[in-house]
Every structure is written in C-alpha cells, then in structure tokens.
Amino acid sequence: MQFSGNKRRKLKLAGDQKNACYPHSLQFYLQPPSENVSLIEFENMAVDRLKLLKVVENLGVSYVKGTEQYQNKLESEIRKLKFSYRENLEDEYEPRRKDHISHFILRLAYCQSEDLRRWFIQQEMDLLRFRFSILPKDKIQSFLKDSHLQFEAISDAEKTHRDQDIIASSSGGIKLDLESVYKVPFADALDLFRGRKVYLEDGFAYVPSKDIVAIVLNEFRAKLSKALALTTRSLPTVQSDERLQPLLNHLSHSYTGQDYSAQGNSGKISLDQIDSLAAKSFPPCMRHLHRVLRENHHLRHGGRMQYGLFLKGIGLTLEQALHFWKQEFVKGKMDPDKFDKGYSYNIRHSYGKEGKRTDYTPFSCMRIILTNPPGQGDYHGCPFRHSDPELLKQKLQSYKISPAGISEVEDCGFSLNHPNQFFFESQRMLTGGKDPKKEPSLPETPQPRPGAAGTPKARDAPSTLAALNSSMEVDLEGLEAYFSS
C-alpha cells in the first residue's frame, strides 16, 4: 500500500461516468478501488461497514432471513448507515462508492485467520442475498452480466416448451409467466440438483429467477474466498505500515472481541458452585449442556468441547476439570480407567498440556453458530439458532421467565456475542462486580492477549489515526497488488 501527501488524484465524474462506475446497488467486488481517500475517511468507511455487517449478523440470529420483518429492519439499518441498497434511487454514487471501498478495507482486516474469513464471508453473503432479493427483475440479467456470470434468460418460446417440466422440478408453486428462467451449466447448480429443485436437460439446469439467488451466492462465496486467500499473502506488507496496522487490528478485534481465556480467572470458582452458577448466570446454551450432563452423565465430543472450554474460561482449573468430568462420567457407569485412558487426554489437551500445547479459548457465539452444527443425539450449539422456536419458548418458560420477558429475549438486538461474556455480565450485575468466591482474588476481567482489543495499542487506534495529518491520503490504486498478488 502506498501513501501520498502531494499526489492527490480526486475523481470528479459526471452523471453518466458515475453510473458506469457503479451500475448496480450490489456487486461482486471484482475490481479493487483506484482512488485516493484520507485516512479519516478510510477509518470511517471501515467502521461503518463493520457496523453494517454486525447488524446483518444480529438480525440473522434474531429473525428468519427473508421474512418481511427481517427485510424491513435490515433496509432501515442500511439506510441509516448510508450504504447502497436499492436500484433507481437518486444520488446513489456516494453510497455505492462507500460500499465498494469499505468492502476492500475489511478484506484487509478479515483475511487474517480462518475464523475471521468465515465470519466475513457469511455476513457479506447475507448482505448480497438481501440486496439481490430486492433487485428489480428487469435488472437481474444486466447484474449477472456485469458480475461475469454467463447465465442467459431463455426465450418465452423455450420457456413455454419446457414449462411443465420446470414447474414439476422446482420447489414451491411458481408462475412461469411472471418469472424469467435461466439456462445454467449443470455444474453451477449442484446444490439445487442435490435438493431435487431444478429441471435438467442436456447438461444444463433451467433455473427460475426465484432460485437463481442460490447459484449467485455460491459463485460469490467462491470468488470472495479465493480473493481473501490472495489478500492474506500481502499481510506482512500491510502490517508493516504503522498507520494501517492499529486500525486493521482494531477492526478485526471488534469482531473477535475478548477471547475469555482462563488467564486471570483460573481457580476463581469451586466445583460445588457450578450448579448454583448454572441456574443464575449461565447462558441458555451452557445451562442446557450442564443439565443434560447432570441427567445423562455423558456428553458427546461437541458438547464436551463447547461446555468444557466455557468452564475453563470462567475459572475452572485443569485439576478441577478432570475431577468434574470424571465424577460425572463414572456416575454414568463408565469405568474410571476407561475415562483416564480415553477422555482425560482431551481435557489436558484443551488446557494446553498435551499435543501442540495450544491454550484453547472458549467458543464465541458465532463460532458455535457457524461450526459443527448439532446432529441427532447432540446437545451443543446455539438454542436461538439450532432449536425449534416453540421448544426454545418452552425452555425459557422452564427457567421461570415471564411471557413478556420471553418476547423481550426473542426481539433483543443480541449485543452479547460470547457465552462467557453473558456469564461475567450476569455475575457483575448479581454481585456488584465482586468475584463469585468470597475471598479476595484477582479482578474478574481476563487479561487480554498482546495486540488484542482492549490493549492500549488497539484501544487507541482511532485516536492515533485521528492525530495523523488529515491531509495524508491512502492511494487505493496501490491496494490492487494486495488483493490480486
């Protein structure tokens, strides 16, 4: 990335030129930006983009995607943050420019780890799905062409010739006289084929416009995943720039937040406190796992990992963890020697005492939601994502939550993003900031790792950038090498 103080190339475009730059309210971000922006604008765009993606994430948990409530709330938030969202609106150049540049800025921040890439891709896909769902039908073909997707709508004559086959093969009732049908190579429609939702003929899938979004999203995910991998190669160069590194670290940690490692908490709770803490301060996912463990005296691997790391984060030591799990499994008629040989190694491994000696941290909400979904016989996962709404309501009622309280929980904005954050916030409210144990101990908040959000360097990133000379500009033309090398 290059910075220039005297070579400032501002783009001054007429109306037609502006339309040519950003012909649609959505895009595949195939070309990196090539203009100058100030560092302050660079920061503001990035922060607004992150706010937008967090809104997409929270609404996706709170509501069913695609419902009227979801669509209305997301459109309202996009409008507040001044990003593009609809075609045929006046003065759309700046929102579309902001959308374009901010996406590439966050690529730099979110290409740094697998978890960050996974989160970024998921939110960008959900944002594209929303924008595509409100794209006028007469604009779909030109958008596909601009995105280098060679999907042509078939003629009315072809559609009439195959209408019965297409209707019989498609999911749900469709009216072909009101929809376009696209002829797509079979290999690009595998997901629809697996679900038996598409008509195939001579190596091509005939996809109604209501189903084309699945193929568009698959193409977008593949392209963005590859682009992030390419961007990762440029990280050493980007991180060597003292003006960009604090901001990019700050942005990425705004997603990951505190890692809630056991550092500073180890030994703060005793084994006989767990039942009472579960009833008062555990989030629903961990409270459910605790109840199942106490009743069945066993959890499968996914449940043991999710719950075991949570307990580690709230202060359970390795010795306590070994005793806790062994005690429960032996109650389930497991031989103690079998536990020592088959299970204790995994517990020591999670505490960084075996194998690569990685000190594993508790799972965040998004990791629980996006990875290893529960199957038959599993009890891990997120009840707000993986449970039936009625069963979730019954479970909340069993916790003696009032109907009004349940509605409030279901409609909340999900400002919490980590089970351990839920626990510590609950304890802070119940104890006035004191530790669960009565005897004095270290402060409850875990010590952040070097470079994590909360350290002075990351926390001061915005003020550091604001103190820089605002006339200094980022030459985005130099970014091209980072996204394509």
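A residue counts as buried when its relative accessible area is under 20%, and as partly exposed when that area lies between this limit and 50%. The model described here is predicted.

By this cut-off Cys 382 is buried, because its relative accessible area is 13%. Cys 382 sits in the loop between α18 and α19 (383-386). Not counting residues up to four places away in sequence, Cys 382 touches Ile 368, Ile 369 and Ser 387.

The unreviewed UniProt entry lists Cys 382 under "binding site", together with Cys 285 and Cys 365. These three residues span 98 residues in sequence, yet no two of their C-alpha atoms are more than 9.7 Å apart, so they gather at one spot.

Cys 365 belongs to helix α18 (residues 365-370). Its contacts, leaving aside neighbours within four places in sequence, are Asn 417, His 418 and Pro 419. Gln 306, in helix α14 (residues 301-314), touches Cys 285, along with Met 286, Leu 289, Phe 363, Ile 368, His 380 and Gly 381, not counting residues up to four places away in sequence.

| Residue | Relative accessible area | Class |
|---|---|---|
| Gln 306 | 3% | buried |
| Cys 382 | 13% | buried |
| Cys 365 | 26% | partly exposed |

Helix packing is the remaining topic. Helix α12 (residues 274-281) packs against helix α13 (residues 284-296) at an angle of about 145°, with the axes 9 Å apart. The crossing of α12 and α13 is left-handed. On the α12 side the contact is made by Ile 274, Asp 275, Ala 278 and Ala 279, and on the α13 side by Arg 287, His 290 and Arg 294. Three of the contact residues are nonpolar, one is polar and three are charged.

Methods. Residues are numbered from 1 along each chain as its sequence is written. This is a predicted model: local features need pLDDT of at least 70, side-chain atom pairs count only at pLDDT 80 or more; totals for chains, interfaces and linings use all residues. Side-chain values use heavy atoms; hydrogens and water are left out. Axes are lines fitted to C-alpha atoms, for helices over the stretch in contact, and angles run from 0 to 180 degrees between N-to-C directions. Helices (H or I, at least four residues) and strands (E, at least two) are DSSP runs, numbered from the N terminus. A crossing is left-handed if the near helix is turned anticlockwise from the far one by less than a right angle, and right-handed if clockwise. Contact means heavy atoms within 4.5 Å. Ala, Val, Leu, Ile, Met, Phe, Trp, Tyr, Cys and Pro count as nonpolar, Asp, Glu, Lys and Arg as charged, and the others, Gly among them, as polar. Buried means under 20% relative accessible area, exposed over 50%, partly exposed in between (1.4 Å probe, protein chains only). UniProt positions are given in the numbering used here, feature names are shortened, and annotations may be inferred rather than shown by experiment.
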